[in-house]
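Me: I would like to learn how to read sheets, helix packing and pockets in a model. Where do we start?

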Amino acid sequence: MDIKPADGRTTSSGTTHPARTLDRRSLLRGSALGIAAMAASPLLAACGGSGSSGSGGGTTVTFGSNAAVPQPKGAYETLFKAAHTATGMSVKPNWVDHNTFQQNISTYLQGHPDDVFNWFAGERMQFFAGQDLVSPVDDVWQTIGAHYTDAMKAQSKGKDGHYYLVPFDYYPWAVFYSKSMWKAKGYEEPTTWDEWIALAKRMKKDGSIPIAFTDKDGWPAMGTFDYLNMRMNGFDFHISLMRNGDKWNTPQVKAVLDQWRQLIPYYSPGFLGLTWQEGAQQLLNHQAGMMVIGLDQIGTIFTGAKADDLGFFAFPEIDPANGQQAVEAPIDGMMVSKSPKNHAGAVKLLKYLGTAKAQQLWLGSNPADIATATGVDASKYTAPQNAAVKLIGGAKNLSQFMDRDTRPDFADPVMLPALQKFLNSPGDAASILSNVDKQAKSIWAAGG
Amino acid sequence: MTAPGTLPAAAPARRSRKADRARGDSPAPARIALHIFLAGTCLVWLVPLLYAFYTALRPYADTARRGYVSVGGHYGTGNFSAAWVQAQLPHYFWNSVLITVPALVLTLWLASMVAFVVARFRFRINIALLMLFTAGNLLPQQAIVTPLFKLYQLVPLPQWLAASGKLDDSFPGLILIHVAFQTGFCAFVMSNYMRTIPAELGEAAVMDGASVWRQYWQVILPLCRPVLAALATLEFTWIYNDFFWATVLMQTGANRPVTAALNNLTGEFFVNNNLIAAAALIVAIPTLVVFFALQRQFVSGLTLGANKG
């Protein structure tokens, strides 16, 4: 800035308003300085940051985690410390909150993803494996294969037969209840549909809400649909419906919704406006008798001294041909990105994470999940956790939950509102299904 | 009003009736309606805020047991301190500063240059140029996210500027997109404002031998302080509140701004709404600070730009 002419000009007017001229000039000079300082600050900050985060390869493995909330985050931190001792690999986590991570997975994997990242089994894994955005982990499975059941192995493979996922923790969906409430009232676990309805009727007469069903979030209803479909039409029909989306407008699916209508009178009043947490609270407060939900959710409500009060039974049998063989058990695990900076380190880390020891360390006192690997010390589990192990161990087939078993662009955008619409006006089942069928066909036709 | 003295008898009578009204003996129904409307609107805007504050004062266990619409249980500021620590708010506030301040300064600076040229000089495409910038304002951000994301991945940045080595997942990338989107609106408002500054000022400067740069930097820009302050308030709020670009273009969780950090309090399934209410209230404070700091200029700046354009 050339100052001389500016001075010459300002003094002429400055004689009358010295304060104002000074003010204006200092403002200008200040703002120029400010611009320079502000423009430089991100560069400086980025510079400082790159020193610590730019390191890749060697003994560092980057880990994209969807566990930014304190509870699982602390458990992961403990786990990574132990992993460092066991494998010599120091894990550098990138914490992102669960929902953002999930919704941005596509951009995340196409951007510059971390070496290892949290993900899910089932179609959700196969979808990205099919798009060639992740690396196979067959070499990891050569070591950890012995720790896993066949049902678990099947859930970890892509459509090409290669392994893509190392399962870490999972939990079952079932019908949950409060043991103390049932003991006081003398209720007994039903195993068939008729027994279940009779029990619900009795609870209603006793003045409580028979089934705490809450569907403001949308996804809880999917669990009931999955179970009804698997019990009535069998596991294979259910999985084929989820994967291929071609049989929505059939008598079989229509029958599922008709069966569902029998349950609706026993649901919580105003259930479409209640979140699952409010439903779980009804169970905890003994206002409601039962709830179809996952252990991972309800386990966070029944905590501490209440943990062992949580009981559950398998979703009742409807067709004896299908019995209660299939269990809905969403599996969470880890995958390796397409071109990790430290592939050898990622393999080492996953071999460690695929052990019961690592998984139990992570579980700690968390009563809401169970370890996927075999050989866990069951004495450290709570009563519901041990019951969950038994339930899943006896299952012939594992499903992953609707939003993990079917296409991501179909589950939430189409099925979630469709089920809510059905629950709101059960009489419209036929038109809702034909609408779902149309959308499914166009989505599968467009996305291959 | 009639001239005093022409109707000596009527004038005092009329005046006293008016005085009565002003004193509130029989206020005009329109005025009552206005105040009811204002109070109602005020309430509609304040209730969610007060409700959030009330919720934030209560621990989760109490609201879970009694419901959110209830009185009783414990009250305290525990949620605020927990949110501050758990969501690592200081760290994310700093990220927001790193994104918002450079974006704000660059936007205002570039927009003021565009506005200066468009408003103070007559040439063939000057209206077209202004329309181009204003039209850019109407472009929906979501429409260009995919090509932009792909583009960002192809632009390399030196390692010292971005750890990712790409424009994607970097601070400069986010700053750039904010500058690109906000310049249109700022240029439009500022050019309207600059048109209100008498042309003689520029002519006098030319007579004194001032270059175009000096007309801009030393004559026009200092007069634009009100509009700059008004735009700074608005733009600060918009850029600071951005969640869309911050989540799409920034994959490193630790580099996201404070709006994204709020989500770090939400679990996979479990949501502690009391804690989130507390964090949201804390995060809203900077916009209030900026507004109150620039309030005087904000009002005068907006009205000046609007009715003299």
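Reply: This is a predicted model. Start with helix 14 of chain A, which lies across strand 6 (173–178), strand 7 and strand 8 of chain A and runs at about 140° to strand 8 of chain A. Helix 18 (residues 383–393) of chain A lies across strand 6 and strand 9 of chain A, at about 15° to strand 9 of chain A.

Me: In what order do the four strands of the open sheet in chain A stand?

Reply: Strands of a sheet pair through backbone hydrogen bonds, either parallel or antiparallel. Here the order is 7-8-6-9, with mixed pairing. Strand 7 (209–211) and strand 9 (310–313) of chain A are at the edges with a single partner strand each, so one side of each has no neighbour in the sheet. Direction ignored, neighbouring strands are turned by 35° against each other on average.

Me: How many bridges join strand 7 to strand 8 of chain A?

Reply: Two, and the strands run parallel. Ile209(A) has Ala288(A), in strand 8 of chain A, as its bridge partner.

Me: How should I read the largest pocket, and what is its volume?

Reply: Rolling a probe the size of a water molecule over the atoms shows where empty space is left. The largest pocket has a volume of about 1200 Å³. Its lining has 45 residues, and those nearest the centre are Asn99(A), Asp217(A), Trp219(A), Glu268(B) and Phe269(B). Elements giving two or more residues to this lining include helix 14 (276–284) of chain A and helix 3 (60–66) of chain B. By class, the lining residues are 18 nonpolar, 17 polar and 10 charged.

Technical notes
Residues are numbered from 1 along each chain as its sequence is written. Chains are lettered from A and ligands numbered from 1 in the order in which they are written. This is a predicted model: local features need pLDDT of at least 70, side-chain atom pairs count only at pLDDT 80 or more; totals for chains, interfaces and linings use all residues. Side-chain values use heavy atoms; hydrogens and water are left out. On a 1 Å grid over the protein atoms alone, a cavity is a set of points where a 1.4 Å probe fits but cannot get out, and a pocket is an open set with protein on both sides within 12 Å along at least five of seven lines; lining residues have an atom within 4 Å of a point. Grid points are joined across faces, edges and corners, and a volume is the space filled by probe spheres set on the points. Ala, Val, Leu, Ile, Met, Phe, Trp, Tyr, Cys and Pro count as nonpolar, Asp, Glu, Lys and Arg as charged, and the others, Gly among them, as polar. Two strands pair if DSSP finds at least two bridges between them. Axes are lines fitted to C-alpha atoms, for helices over the stretch in contact, and angles run from 0 to 180 degrees between N-to-C directions. Contact means heavy atoms within 4.5 Å.
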